[in-house]
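Subject: Model handover and findings

Hello,

Here is the structure you were waiting for. Please open it alongside this message, then read on.

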Amino acid sequence: MGVLETLTLALGASWASGLNLYATVAVLGFLDLLGIISLPANLQVLSSPWVLGIAVFMYAVEFFANKIPGV
């Protein structure tokens with residue numbers, strides 16, 4: 001992966017993580033796992049089943065905590 005591609009991925013991911021960090025991690029991991037994108041070597045950990053599971057779980061917790069008062 002070239003410098004420009006890595007920079008583009010980093011900028012896109014950092015913008016998206018401002019929306020929701022857990023959703024960004026899950027989407028990048030799923031896209032790499034499905035072979036749609038190729039993450040740099042230092043981001044390959046995002047496609048680990050453990051990281052994906054934790055990211056999806058934390059996204060669900062944050063989603064419901066945001067919607068249900070008192071959670």
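Below are the conventions, the overall layout, and then the residues worth a look.

**Conventions**

This is a predicted model, so local features need pLDDT of at least 70 and side-chain atom pairs count only at pLDDT 80 or more, while totals for chains, interfaces and linings use all residues. Residues are numbered from 1 along each chain as its sequence is written, and side-chain values use heavy atoms, with hydrogens and water left out.

**Overall layout**

The protein has three helices and zero strands. Helices are DSSP runs of H or I with at least four residues, strands are runs of E with at least two, and both are numbered from the N terminus. The order from the N terminus is α-α-α. Along its principal axes, the C-alpha trace spans about 45 × 25 × 15 Å.

Of the 71 residues, 18% count as buried. Buried means under 20% relative accessible area, exposed means over 50%, and partly exposed lies in between (1.4 Å probe, protein chains only). The accessible surface comes to about 5100 Å². Carbon and sulfur atoms hold 75% of that surface. These areas come from the Shrake-Rupley method with a 1.4 Å probe; for residues, only the protein chains shown count as cover.

Now contacts, meaning heavy atoms within 4.5 Å. Take those between residues at least 6 apart in sequence: 45% of them join residues at least 24 apart.

**Helix α2**

Helix α2 covers residues 21–34, which is 14 residues. From first C-alpha to last it reaches 20 Å, close to the 20 Å expected at 1.5 Å a residue. The expected span is 1.5 Å times one less than the number of residues.

Both ends have something to check. After α2 comes Gly35, with a positive phi near 85°.

Which residues of α2 are buried? They are Thr24, Ala26, Leu28, Gly29 and Asp32.

Phe30 is also in α2. Phe30 is partly exposed because its relative accessible area is 39%. Leaving aside neighbours within four places in sequence, Phe30 is in contact with Leu52 and Val56. The C-alpha atoms of Phe30 and Pro49 are separated by 9.4 Å, and the two residues are 19 apart along the chain.

Val27 and Leu46 are 19 residues apart along the chain, with 9.2 Å between their C-alpha atoms.

**The loop between α2 and α3**

Ser47 lies in this loop. Why does Ser47 count as buried? Because its relative accessible area is 14%. The side chain of Ser47 makes a polar contact with the side chain of Asp32, at 3.1 Å. A polar contact is a pair of N or O atoms within 3.5 Å; within protein, one must be able to donate a hydrogen and the other to accept it, and residues adjacent in sequence count only if both atoms are side-chain atoms. Not counting residues up to four places away in sequence, Ser47 touches Gly29, Asp32, Leu33 and Leu52.

**Helix α3 and the segment after it**

Gly53 is in helix α3. Gly53 counts as partly exposed because its relative accessibility is 39%. Gly53 and Ala26 are 27 residues apart in sequence, yet 8.2 Å apart in space, C-alpha to C-alpha.

Ile68 is in the segment after α3 (49–67). At 42% relative accessibility, Ile68 is partly exposed. Ile68 also belongs to a nonpolar surface patch of about 380 Å², together with Tyr59, Phe63 and Phe64. Patches are made of residues with over 30% relative accessible area and no salt bridge; like charges are joined within 9 Å, nonpolar side chains (Val, Leu, Ile, Met, Phe, Trp, Tyr) within 5 Å. A salt bridge is a side-chain nitrogen of Lys or Arg within 4 Å of a carboxyl oxygen of Asp or Glu.

**Helix α1**

One residue here. Ser17 is in helix α1, residues 3–19. With a relative accessible area of 27%, Ser17 is partly exposed. Ser17 and Pro49 are 32 residues apart in sequence and 20 Å apart in space, C-alpha to C-alpha.

Best wishes
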